[in-house]
Amino acid sequence: MAEAGRRVRVSDDEAGALNAVERKQLDIVRRFGTVGALLLTVGSLGAGAAPVFNPVIRLPVFNLFIRMTTVSLAIGFTGVFMIVVAWLALGRLSRPGRERVVSVPQMARTLVMWIAPLVFTVPSFSRDVYSYLAQSEIVARGMDPYTLGPAQALGVDHPLTQGVPTIWRETPSPYGPLFLTLGKAINWLTGDHVVHGVALHRLLALIGLAMIVWSLPRLAKRFGVSPVSALWLGAANPLVLFHLVVGVHNEALAIGLMLVGFELALTRMAKVTPDGPFPPWQRGELAWYAIGGAVITLGAAVKIPAALALGFLGVMIARRMGGKWKHLFQVAGGLGVVFLVVLTACSFGGGLGYGWVSTLNTASTIKSWLAPMTALGFGAGGLGILMGLGNHTDAAITVARLFGAIIGPLIAAKLLLDSFRWKLRPLTGLGVALGAVLVFGAAVHAWYLLWAALPLAAAAGNTRFRTAATVISAGLAVVLAPTGGTFDGHIFVLPYAYLAASLATLLAVAVVWRRLPWPPARRVTTGTP
């Protein structure tokens, strides 16, 4: 028996339900996060990445937020800070090894409470959704979005073109054929109505998020990770809420399809060890591998990074067959056929063909300091200027990006090999490989990190990873402004908004802290000598 007062570490299967005090704590944490979501929604009216023809201008009372730039941004940042604080507090109640943890249904209800207000936000943190609408309109008109940008195809005066950031108005679409086919259907329904179009694209993002919520706990259980912890670090992550729900990024649909496909493929897979035994095929096992591979390919037809999941799924199937090289090549051939058939159906079924292959590098048009290789190029170019060698920044960036384009895939290949040799969990390898390919890529955005974070949330359960992921997620969540840009030359308001939001959040935390119930202190009884 453990000593009195000593913390006992228990497995997730043995963890009990929250007691009355902890349920009250959870209730307060939920409400705190919900208030934050409501504040972010209100702040987005004046500080979000609103469309050019902003309908809020015509709404009495609500249009005041457009005129109060700093106030709106402060309200939005307060909502951001409160959501992050609530998420961190929720993590305390879902930490693996606790005697009592939040249940999966409780976590799901918390997610619903936080997401519900965010569904009504003005798109924030990015303006990509307006590019989705313009590029989908090009498809709806029967033109090729992989050779024409919105300005050439629709005209610079078209209302959908005007919502697209200037840098992207003349660039072709980098998105897969399935996504643009879905976008074409949305444009058929909504026409040039930006608000309705954004609403339906957000619905697509919510469908993708529902897939993530469905698959994460199931994959986590398969790989020996706490399902509740996976949901907390994955689906409830502020980066997911801010960039997939509020920002309406199509990563939600692509990652959702990728994770669902991975889970479906494992439905009938027998558990094996490196030494066997390797049982014969189970009934329906091959069919589920094909179904899972097809769903993953659908994710790749939204955004191509999802295709990497087929490699790690193939490693798992090859290991289940016996773990020999001939098995790996056989599986690669089978999944390759599935990939080509489904991708061809998506490409030509929507009338778009394979033009998307030539536009996969469109994101390299921008030079972002968040991309390590681009930052390295900037640094090398600046050093050359200081040394009097001239300005060769563009050449340095090109060389650095070329290096990144080599090292990222090499890391992914090494992880595939390690997974095949049983040195690494394949889902862990997938997360790290996606992170390596994207981080060493030409452009990096905060939402790109979700490609790595979500698979790892279901496969990497150690404390060190959880801590690092928590710090990175919380840090990026509070650093990025919801404006989707530099606030049109008004970046000087950001320090004031940050300060006001920080003070408001500290006040809110102080008020809530006094209301939080705490378990009674343990009484220590000293024995009589």
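Helices α1 and α3 of this predicted model are roughly antiparallel to each other (a label for angles over 145 degrees), because α1, residues 20-47, and α3, residues 69-93, pack at an angle of about 155°. Their axes, lines fitted to C-alpha atoms over the stretch in contact, with angles running from 0 to 180 degrees between N-to-C directions, lie 7 Å apart. Helices here are DSSP runs (H or I) of at least four residues, numbered from the N terminus. The crossing of α1 past α3 is left-handed, a term used if the near helix is turned anticlockwise from the far one by less than a right angle, with right-handed for clockwise. The contact of α1 with α3 has 19 nonpolar, nine polar and two charged residues. In this scheme Ala, Val, Leu, Ile, Met, Phe, Trp, Tyr, Cys and Pro count as nonpolar, Asp, Glu, Lys and Arg as charged, and the others, Gly among them, as polar.

Residues are numbered from 1 along each chain as its sequence is written. As the model is predicted, local features need pLDDT of at least 70 and side-chain atom pairs count only at pLDDT 80 or more, while totals for chains, interfaces and linings use all residues, and side-chain values use heavy atoms, with hydrogens and water left out.

A second pair, α5 (residues 128-140) and α8 (residues 177-190), packs at an angle of about 85°, with axes 8 Å apart. The two are therefore roughly perpendicular (65 to 115 degrees). Contact means heavy atoms within 4.5 Å; on the α5 side, Tyr-132, Leu-133 and Glu-137 are among the residues that meet α8, whose partners include Phe-179, Lys-184 and Trp-188. Seven nonpolar, four polar and two charged residues make up this contact.

Helix α12 (residues 251-265) meets α19 (residues 450-459) at an angle of about 35°, with axes 11 Å apart, in a right-handed crossing. Met-258 and Leu-259 are among the α12 residues in this contact, and Trp-451 and Leu-454 are among those of α19. The contact of α12 with α19 holds eight nonpolar, no polar and one charged residue.

Phe-262 touches residues including Leu-219, Phe-312 and Leu-430.

Methods: Parallel < 35°, antiparallel > 145°, perpendicular 65-115°, else oblique. Lists of a residue's contacts leave out its neighbours within four places in sequence.
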